[in-house]
Amino acid sequence: GEPSTSAGGVAPSVGGEDVPTDLDALASALPASASEWTRTSLGSMARGAAGHWSPVVNARYEAEGRAVVVAVTDLVHVCTCEAGMGRALRDARDGRAIEIAGRPASDDGHAITLWINDRCELQVQGAATSASMMHIVEAVDLVALGAACPARP
């Protein structure tokens with residue numbers, strides 16, 4: 001068929017324009033608070049909104065004058081999301097390769113990035129130590145995130 005132009009200004013989807021992303025379910029997996037952190041904003045953008053190639057949920061957390069931003073990005077439109085892609089993306093990054101709850105992740109000292117079902121990327125970054133940012137990662141409902149971001153068939 002013809003390449004889709006429905007998303008306006010974004011490249012055609014690798015996974016198909018009809019692949020749904022439940023942004024509300026992704027957002028609901030993010031905690032209202034975690035250790036010293038309190039979520040101060042939560043929002044999302046669908047594919048094509050403001051030129052975004054990928055649907056994304058963004059949250060901001062604050063603690064004692066510091067702030068971090070959390071982004072959950074569904075990569076299904078820009079990545080084939082084949083088995084092993086999360087590990088491949090992690091291994092291509094600078095930073096320490098780690099695993100969180102059996103999932104590939106990296107920690108470069110400024111951001112912690114975790115890949116879910118070789119499809120979604122959870123990133124926490126900001127003016128905080130890795131240990132402090134990890135409090136947010138550990139409070140994310142990874143089971144719900146995995147259900148909202150299923151592996152590609």
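Visitor: Is Gly48 buried or exposed, and how is that decided?

Guide: Buried means under 20% relative accessible area, exposed means over 50%, and partly exposed lies in between, with a 1.4 Å probe and protein chains only. Gly48 has 18% relative accessibility and therefore counts as buried. This is a predicted model, in which local features need pLDDT of at least 70 and side-chain atom pairs count only at pLDDT 80 or more, while totals for chains, interfaces and linings use all residues. Residues are numbered from 1 along each chain as its sequence is written, and side-chain values use heavy atoms, with hydrogens and water left out.

Visitor: Where does Gly48 lie?

Guide: Helices (H or I, at least four residues) and strands (E, at least two) are DSSP runs numbered from the N terminus. Gly48 sits in the loop between strand S2 (37-45) and strand S3 (56-63). Arg47 is in the loop between S2 and S3 and, at 14% relative accessibility, is buried. Ala50 also has its place in the loop between S2 and S3, but Ala50 is exposed, with a relative accessible area of 72%.

Visitor: What does the side chain of Arg47 reach?

Guide: A polar contact is a pair of N or O atoms within 3.5 Å; within protein, one must be able to donate a hydrogen and the other to accept it, and residues adjacent in sequence count only if both atoms are side-chain atoms. Here the side chain of Arg47 reaches the backbone oxygen of Ala11 at 2.5 Å.

Visitor: Which value of phi does Ala50 have, and which does Cys81 have?

Guide: Phi of Ala50 is near 55°, a positive value in a residue other than glycine, and phi of Cys81, likewise positive in a residue other than glycine, is near 60°. Cys81 belongs to the loop between strand S4 (66-74) and helix H2 (85-91) and is buried at 3% relative accessibility.

Visitor: What is the order of the strands in the sheet?

Guide: Strands of a sheet pair through backbone hydrogen bonds, either parallel or antiparallel. Two strands count as paired if DSSP finds at least two bridges between them. In this model an open sheet of eight strands has the order S1-S2-S3-S4-S8-S7-S6-S5, with antiparallel pairing. Strand S1 (33-34) and strand S5 (96-100) stand at the edges, each with a single partner strand, so one side of each has no neighbour in the sheet.

Visitor: How many bridges join S7 to S8?

Guide: Six bridges join strand S7 (residues 111-116) to strand S8 (residues 120-126), and the two run antiparallel. The bridge partner of Trp115 in S8 is Glu121.
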